[in-house]
Amino acid sequence: MEILIPLAILPVAGFIACYFVHNRKAQYIISLSAAVVHLACSYLIFAEIIIPAESDLFRFDALSRLFLLILSHVYFWILLVSYSYLNRPAMVKEEKSKKFFFAMLNIYLLANTLALISNHLGIFWVASEMTTLSVAPLIYYYRDKESLEAMWKYLFLVSVGIAFAFIGFLFLALSAGKTVLEGQQLLVSLFTLHAKQLNPIWLKASFIFVFVGLSTKIGIAPMHTGDIDATSNSPSPIAALMAGSLRGTALLGVLRVYQIMAPTSTAAFARSIMIIGGLVSLFAAFVFMFKVNNYKRMIAYSSVEHLGLITLGIGTGGIAFFGAMLHTVFNSLTKVVLFLNAGNIHKAYRSREIDSVWNVLQNMPWTGWLFMLGFFAVIAMPPFGIFFSELMILQGLLSRPLLLAAVLFLLFFIFVGMSRNVFRMLYSNSPNNHAAAIDDKFEITHFTSLVLLILLVILGITMPPQLHSVITQISKDFGILL
Amino acid sequence: MALRILQGLLPFLFILGLSPLLVGLINKQKALLTGRTGAPIWQPYYELIRLSRKETIYAKTASFVSRLAPVVVFSAVLIAGFMLPVGYTRPLLSFNGDIVVFAYLLGLARFFQIIGAMDIGSSFEGMGAAREATFAVFAEPIYFFTIGSLAFVSGYTSLYEIYLSIRLDNPSSLVFIIVSSISAFFLMVTECSRMPVDDPNTHLELTMIHEVMILDNSGVDLFLYQYSSYIKIMIYGIYEVLFFNPFGMQNQWLGFSLFIVLLLLLSTIVAWVETMIARLKMKNVPQYLLFATAIGILDLLIYTFVK
Amino acid sequence: MDYLFLIGCSLFIIGAIASVLIQPVRKALSFFVLINTLAAAINLIFAIKRLIELPQVSNLFPVFPQYASMFRADGLALFFLLIITTAAIPTVISTYSYLKHYIHKETSVRVFIISFSLLLLFTQLLVFANHGIVFLVFWELMTLTAYLGMLLEKEKEEVQKGSFVFFTATHLATFFLYIFFFLLNDNCGSWLFSDFHISSASGTVFYLVCLFGFLGFGMKAGFMPMHFWLPWAHPIAPAALSAFLSGVIIKTGIYGIFRIIEFCSPLPVWMGLVILTVSLFSAVFGVWYALAQHDIKELLAYHSIENIGIIGIGIGLGVIGITNSIQPLVWLGFGGALFHTFNHAIFKSLLFLGSGVICHNYKTRNIEKMGGIVHHAPWFVGFFLIGSIAISGIPPLNGFMSEFLIFKGFFNGAAALGEYYPLLMLLMTAGLAFVGGLALMCFTKINSIMFLGTERSRLDSFKVSRTDHTAMGILAFLCIFFGIFPQSILGIISSAVTLSRNELDMHPYAMFTRWEFLTVIFAGVLLIVMVMIIWKKFSTKQRISDAWGCGYTPQTPRMQYTASSYADEINSIASHTLQIKKHAILPKTMFPKKSNFVSHSEDFSEKRIAAPVYNYIVSKINSFDFLSKTDIRFYISLMLVIAVIYSIIAIIWP
Amino acid sequence: MENVLSILFCLTLLYLVITARLKTYVGILRAQGILLSVIIIFPFLRHLSVHILIIPLMSLIVKAVIIPRFINKIIIDLDVKRIIEPNIQPFNFLLLSVASMSVIFIMSHVLSGYTPIETIPFASAFSAIVIGLLLIIFREKLIVHVVGFLILENGIFLFGTSIAAEMPTIVELGALLDILVVVFLMGIAVNKISSTFTEQKVTVLGGLKD
């Protein structure tokens, strides 16, 4: 339990401190230190240097460890850049929301951590509801019409979704009727142990509800809309945070239930549902890539695409599952790069419309090139990691030729649509031929993106043994032998 | 070996020496057929000598290309002449696949003649060059349909051996030979720019092909051009004639004399055709050539299925 | 000595890094040129050395034994390394003067330098890849770096569009290759090329593998009708890049096709016939389209399609040879194809570099506006002329030699196979001759219109830098050299074919004809030319005067024959199939007014296949507008609906 | 006894469907809160202890006191029109809800054959969920959406008790807290919206689209 001190108690302390301290720099330092400690711990746990004691409320199996690392990693980088982000000249309205920025981030960290390490689905539920609550005010950062609408939609939709998920969990409890688990707590470890005895009907029902409910948070079409609005209207660090870690947290919930179902006869059903979900989200991304005229929304759709691929991979199983796990890692890192640079572009051009952004490559070289590289990374160009993970997923799909064909078709046209938009931003000539006077110094966001891109390359080319072993462990937990 | 080389050189000398005579013959016979006395058969020699003496005039717009072109044309045609077996003496240059080299050497000549013509930038010569190039596109396949088809059925790829392989005992091959010689005749007419494709002695620029291309050449250049055109006629004449000479391989001398006779006969035919047939419209020439090609294909079909 | 290649590769990387660090950019440029030339030279030596001493496949990077299995240096790879490096050296040299024009755009130049040196590196590593994933990685990296290189003039609309088309088309090709490699891996249970073997015994999979392989690589190589991206990509790329693009990169497609033949052996005969047909189709229509172009680079791009077609014909012959196990035919086919690949790399780079120089002096690519360059830069024109002769397959230059091999292949195949093959082969021969004729016409056209005659549009000075002369000179020399001494490379080609087919030594087949005769002939031609030139110089007196105007006052530039009118003679024959559009204002009245004639062609596979499909899909997308509702109640009801649907699935689930 | 309460619960739902006044909504919320907290006391009646009473008390306070008051406050502050104009015929809405309720009852009866569930609480919980959603789908006022969401939550709460899924106290409290905060946030949002936009209807929230 003492492991919770750095992971959970520290953020709480951070929250309280940030709540009372009003100096922004102090807030920043406090939260940053919390984040650093958190990162360190989660890495130590990940590398199994610390092996925390399992309790029945919290567990640190491979899955949690992986997602925990992703979370604290993304969180750390976001926190790093957010100070300079807050110091940017802004409207008066924003100043109000800046007060609670770091406090809310601390809550966010706490909530996500709890959700990730929870072994009790009830706790998971409470925590993930908490993540929504913590992120909602941050979405409302700009305090304008759009962000208000986005916040409302996100809050409402996700709350309803999470309520659905809760119904799903209750069904899970229901499925334990007439078995040794009768009247037991909703402990994942326990349920996985006796999964064979669970009642298949309720299992299916619970999976449906959990999947549909959490889809609002993961961004699986057609429940992706609230997510899109939120990510596209929140400030870019928050958007990056959501795309990078929040979606992962929600995905974990689905994975937990799937983990319980994996050994049972209903696994096939769950898998096909996930494949359908993934395909639908790919399709949605494909459709909207051509409609979208707002680059932040475009990036959001690209993460809909990638989460779709991930669920598809999980559903397919085999090597694809492995690929999907890898994909979650790479995708979250890439999204951070993209959103941060998109934020810079937004700052410079004061618009989110693709048409009103032009010749970024010329006007702001650093941001432009980093954005371009991030884009290459996200469309699975080597040597960036996503290429390899996507290759694995596609390879796994080989057993379902038609599905593979469909996926490749969608992927190709998503690629076309996205690259068309991105290139138009990057080097279309200015509508009214005057060069923009934009200063684009090398700042911390660029540093972050650079580091993350290098990290992506390194992870992609030299698969670190810890990562490999952890993912293999996960696949073993899900009964997939590679 | 020395004898071999000597033997190889003879036909070369034959081509070099007698090609103007062949042209002279043709013109003479043409004149007779049209009821004129006509120039003496040695006329081409006189003209060549005259040209070689004259001074060479270059246009202001001419570049090194038009200085280079006639030379290249001449030498290419000359070397091509090395490969033909004149009356079944083994040519000096005879090896596997020389039929391709033969065709492409003439291609080299054509290339330089065209750019030489375009060098001046005169619209007339452009006209001629365009036509030359266009017709060449259709002429090339004909070559492969005639001699090439022989090569395919005989399995040899050297002109000498191909001609040696001709037997007239088999009736189907007789048909084969005759038909392909017809399209070969078309080819000759085109390549040497005679009637009905081109009129060697018209003097309206708009209607000429070969003559208009050398409009701006004079003196030595013109000499080279004329000479190489004579050689070309000779070459194609031989190329045509050798189809009908079964006796070559039995008896050297009989073969040779028959070869001469056939050559004379060919000159008569050319003359006769030129008097009888009017020039084609320029835009009909491709059809005419395609017709020749079609004959070639038909011919090969016949042979393949009769065999 | 085995470290040679490693050194070369590391030099490329050093060049890339240094070009970022070195200030000012001008220095960086010179450094880049030097070091990359050096590196390419080293790798060239490596390739030749390996090819001559017929190595067994051995470790390429002695320092990293763990990657030993990832790379493989077999004959084919080595030969392609030879091609790449041969083309690389002059192109790199020429970039020096080319980039001088852009030196004010520092970032763009640096980016170009980096991406170009990386492109060189990745292309070389690609051909050595022995592992499916590694191959794909380098394949994509090659595309990526080439794409980045194209962005040198990214402010131009056409560059943006063209590079985009290139990017997407190659990505599509890559998707086909994904499936290709997945299937192979699935079947052979390994990613290593050396383990890839699949025979028609394994049924449908075999044909699928072939299909996707040919789709992927064929698209890269630019076989018709998958060529539509080529005329987009080549014109807009910087000269050096488009030289490399069309000289080498599309050849990686050919490399891939050789690999397919290696993996899927034996290919059925009909496949060989299909390859032959498609290739002939590409050759004929490629050159015919080229004839209709007036944009010099686009024209050259279409010529690449033609030459790819010729190479394909060779490959087809080889395949037929394999299936009927006729070694001479295999040798002639593959040897011819490889030789032509090599030659094309040489003369196409030469021509593209030349076009680059021209485009810089005239600020246009439209040949109708040029003319009379020969009076400014005779040497330059001479080099370009040599390239043109070579590409038209006319002796005594290398282009003819490779076509000669293929011709021999026809005759040989016909003789060896009998039955109806003579007929087929004859048709092929005639077709190839036809292509030759068209090529001749096309290149006489561009040479005459661009260089000869008088200037159509005013041109004060035509600057050709020393480096350009060097680069083009090297290439021109190679054209002549391999034309007159083909023996010098035939041995290497034999060993390439041998190594790649792991069969007995094929040297004897190199001797199927007396090459010395060819040498004699061409030497003879040159000799006579020399002699006569000298004779002309000294014997006769010369005079300069006006051109023969036949009745009217001397020439004006506008009187000259234009490219459109030159090509019209033949294009009018095929104007329907090629979609050639003519716009003519012809003089009608007795006193003619302003009259002109222009013609241009539309590419069928772009206008009839690619664009319609794309537009159809994009238009279909608009029928999903109902998805983009904004009302939250719609979302929630959607959620309910989805839940219900899933439950229904659950209920009917077996 | 539980069944009786559950039936009462269903009646509140039906009343919810037919009514058209916001005040009534708040009243119904309060009533449901009381009902639920009574329901969850029942299992504990046998062995009563302070420790066990925490949850029912908390839920009573939250569901029956704080939340209704809060919503009332919002309604008064923003003086929302008291009458809600439905965009579906009240009769059809009633029909729809009754139909879905009956379907749910039948379904749960069928299901109870396989698995140990008390039909009536189960069914009524589910109909609460469904009617909550229907309320959200067929009403325009945002405040009504909030109410609908609360009804949904109540349904889940009842559901949880009906299948006797024990949650640790901490989780239960957490859940209550979450709901409270959600409603709080939603209230603030509605406030903001009414100050930013012309009226508090979902129809005004149409700014974000592609």
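Two residues are in contact if their C-beta atoms, placed from the backbone, lie within 7 Å. The model discussed here is predicted.

**A helix pair in chain A**

By that cut-off, helix α16(A) meets helix α19(A). From α16(A) come Trp366(A), Leu370(A), Leu373(A), Gly374(A) and Ala377(A). From α19(A) come His446(A), Ser449(A), Leu450(A), Leu453(A) and Leu456(A). This contact has 7 nonpolar and 3 polar residues. No charged residue takes part.

How do the two helices pack? Helix α16 covers residues 365-378 of chain A, and helix α19 covers residues 444-461 of chain A. Their axes are 10 Å apart, at an angle of about 30°. Angles under 35 degrees count as roughly parallel, so α16(A) is roughly parallel to α19(A). The crossing of α16(A) and α19(A) is left-handed.

**How the chains meet**

Which of them has the most contacts? Chain B puts 66 residues into their contact, and chain C puts in 66 residues.

On chain B, several elements each supply at least two residues of the side that touches chain C. They are β1 (56-59), α3 (64-81), α4 (98-118), α5 (123-154), α9 (219-241) and α11 (285-306). Which element gives the most? Helix α5(B) does, with 20 residues. By class, the side of chain B that touches chain C has 40 nonpolar residues, 18 polar and 8 charged.

Strands also pair across these two chains. Strand β1(B) runs parallel to strand β1 of chain C, residues 542-545. The two strands are joined by 4 bridges. Thr56(B) has Gln542(C) as its bridge partner in β1(C).

Chain C also touches chain D. Here 8 residues of chain C are in contact with 9 residues of chain D. The side of chain C that touches chain D has 3 nonpolar, 3 polar and 2 charged residues.

**Pairs without contact**

Chain B does not touch chain A. Chain B has no contact with chain D either. The table gives the separation for each pair.

| Pair of chains | Distance between nearest C-alpha atoms |
|---|---|
| Chain A and chain B | 41 Å |
| Chain B and chain D | 57 Å |

Technical notes:
Residues are numbered from 1 along each chain as its sequence is written. Chains are lettered from A and ligands numbered from 1 in the order in which they are written. This is a predicted model: local features need pLDDT of at least 70, side-chain atom pairs count only at pLDDT 80 or more; totals for chains, interfaces and linings use all residues. Ala, Val, Leu, Ile, Met, Phe, Trp, Tyr, Cys and Pro count as nonpolar, Asp, Glu, Lys and Arg as charged, and the others, Gly among them, as polar. Two strands pair if DSSP finds at least two bridges between them. Axes are lines fitted to C-alpha atoms, for helices over the stretch in contact, and angles run from 0 to 180 degrees between N-to-C directions. Angles under 35 degrees count as roughly parallel, over 145 as roughly antiparallel, 65 to 115 as roughly perpendicular and the rest as oblique. A crossing is left-handed if the near helix is turned anticlockwise from the far one by less than a right angle, and right-handed if clockwise.
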